[in-house]
Amino acid sequence: MPHQQPVTAIGRQPVDYFRLTGDTVTVPAVTMWHVDETGLIDDFRVYVDLAPLSA
């Protein structure tokens with residue numbers, strides 16, 4: 001396997017939550033992952049702003 005440069009990628013996406021009341025709440029989320037020099041993901045993180053769910 002050839003040597004690769006480490007890479008960090010960031011993705012931003014909306015996430016829909018469906019309440020039992022039938023309402024839908026969309027919240028922002030971010031995923032971040034790091035690919036090491038062997039080409040494997042060695043770190044993966046998900047961040048979600050859940051504040052709108054309690055509003």
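Modeller: Strand S3 (residues 41–48) gives the most to the nonpolar patch, with 4 residues. Strands here are DSSP runs of E, at least two residues, numbered from the N terminus. This is a predicted model: local features need pLDDT of at least 70, side-chain atom pairs count only at pLDDT 80 or more, and totals for chains, interfaces and linings use all residues. Residues are numbered from 1 along each chain as its sequence is written, and side-chain values use heavy atoms, with hydrogens and water left out.

The patch covers about 540 Å² and is made by Tyr 17, Ile 41, Phe 44, Val 46, Val 48 and Leu 50. Its members have over 30% relative accessible area and no salt bridge, and nonpolar side chains are joined within 5 Å. A salt bridge is a Lys or Arg side-chain nitrogen within 4 Å of an Asp or Glu carboxyl oxygen. Areas come from the Shrake-Rupley method with a 1.4 Å probe.

Phe 44 lies in S3. Phe 44 is exposed because its relative accessibility is 51%, and exposed means over 50%. Thr 31, in strand S2 (residues 24–35), is buried at 14%; the cut-off is under 20%. Beyond four places in sequence, Thr 31 contacts residues including Phe 44 and Val 46, with heavy atoms within 4.5 Å.

Now the sheet. Its 3 strands run S1-S2-S3, open and antiparallel. Strand S1 (7–18) and S3 are the edges, each with a single partner, so one side of each has no neighbour in the sheet. S1 and S2 pair over 12 bridges; pairing takes at least two DSSP bridges.

Notes. Buried < 20%, exposed > 50% of the residue type's maximum accessible area, 1.4 Å probe, protein only. Patch = residues over 30% accessible without salt bridge, like charges linked within 9 Å, V, L, I, M, F, W, Y side chains within 5 Å.
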